[in-house]
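Please look at the sequence and structure first.

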Amino acid sequence: VVMTGFKSVAVDEHGKPVDMELLRTLLPSAPTTDGGPELVQDEGNGYHRIPGAEGSLYCGWVRGGLPSGQGSRRWAAGWEYHGEFREGRMEGGGSFFFPDGSVYIGPFSRDCPVGEGTLIDPDKVSSRVTFDGSRPLWEGAAPTTRVEEPTEPFRPTKFECVGVRVSGSYDHLRSVTGRLVLARPQYADVPLWNADDVRGNIVAIMRGPGLPAEVVNYGVKTYYAQQAGAIAVVFVDCIPGGKFTAIPRADEGPIYRGGPEFKARIPTVFTLHRFMYELQPGAMHNIVIAPPEFNLGPKGWKMGYIQVPLQESKTSMSKEKADQLMADFFEARKKERELEGDLLLQKKAAALEAGSPAELGAKEWLAGR
């Protein structure tokens, strides 16, 4: 799926429109605790990767042995859900990906879509829809209402980033331009589920998961991004209010004991949580690394910026709407021709009374009648 131009549902801290509901779901700021006790990391609690039947997989937070809080689930049939869970069920806000490339973004209750949300079809046509919560999407739940809505344009913006130092070196860093795709799952702690979308693009990956989970270092995340064919990685800090206080680092070598070797081949940069919603899936992004002659920032840092240049969104419309617009056009043109014919007949009658046959014939020829 090329994720592009989602409906605006909020504004950021500067009052700018946030036009990416999906970004909120895939890049949450922290695990959900639902007001319960602080998370601990043990066999039945904390952050886990849990394989299921026939190749299904859950990556996310667990409480009492059940998915609870933010998580991602992939079914063997190709469905994916990224969002909130409670006691093992999809509960709260989330994004559901269909095998055909469609995406539903909205609220869920007991695994079922309920209330109002956004449905994006394989042609990237966005519609505001309502579900009654009676059945899950994988059982064929259909919206009770559906209204096609316009696609929000991409917003030009520019914000800071820093280079990730790999084994003490910045040799892998270079400026790059490409479309941005969000990693699924968000932490890229397993091989990416949307590798086909990532291939040839820049991928945004969330730092984390946070404590008390086991650390997933930037080397592991970059390895999986490279395996998926990404041309660059933007790591996004998971800590609200965070600052550039330490150089982000990765080390080349096995990604785990006895595992495959990681060697940096693509640029990797890090940006702050407050710039999260400046990232715009589907838009062209420029990652610009400061040249060596510019001594920016503290010693040992490699500074840069990420820019979303002025560009058009990839908008589309449904076949039904396109057919209707064409039918409306032809109907309007038919009425115009009928009106033109009536006017010409009136002029013809007036010409017969006051004009010559030669003059009348010339007018008919010019009118195409």
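Apart from its neighbours within four places in sequence, Ile287 is in contact (heavy atoms within 4.5 Å) with Ser175, Val176, Ile202, Ala232, Val234, Val269, Tyr305 and Ile306. The model is predicted, so local features need pLDDT of at least 70 and side-chain atom pairs pLDDT 80 or more, while totals for chains, interfaces and linings use all residues. Residues are numbered from 1 along each chain as its sequence is written, and side-chain values use heavy atoms, without hydrogens and water.

Ile287 is among the residues with the most contacts inside the largest nonpolar core, together with Val203, Ile205, Val234 and Val269; this core has 61 residues. A nonpolar core is a set of buried Ala, Val, Leu, Ile, Met, Phe, Trp, Tyr and Cys residues joined through side-chain atoms within 4.5 Å. Buried means under 20% relative accessible area, exposed over 50%, and partly exposed in between (1.4 Å probe, protein chains only). A second, separate core of 14 residues includes Tyr58, Val62, Leu119 and Val129.

The whole structure holds 16 aromatic pairs. Rings of Phe, Tyr and Trp (its six-membered ring) pair if their centres lie within 6.5 Å; planes under 30 degrees apart count as stacked, over 60 as edge-to-face and the rest as tilted. The ring centres of Tyr47 and Trp61 are 5.6 Å apart and their planes are at 75°, so this pair is edge-to-face. Both Tyr47 and Trp61 are buried. Phe244 and Phe270 are also edge-to-face, because their ring centres are 6.4 Å apart with planes at 70°. Phe244 counts as partly exposed at 25% relative accessibility, whereas Phe270, at 7%, counts as buried.
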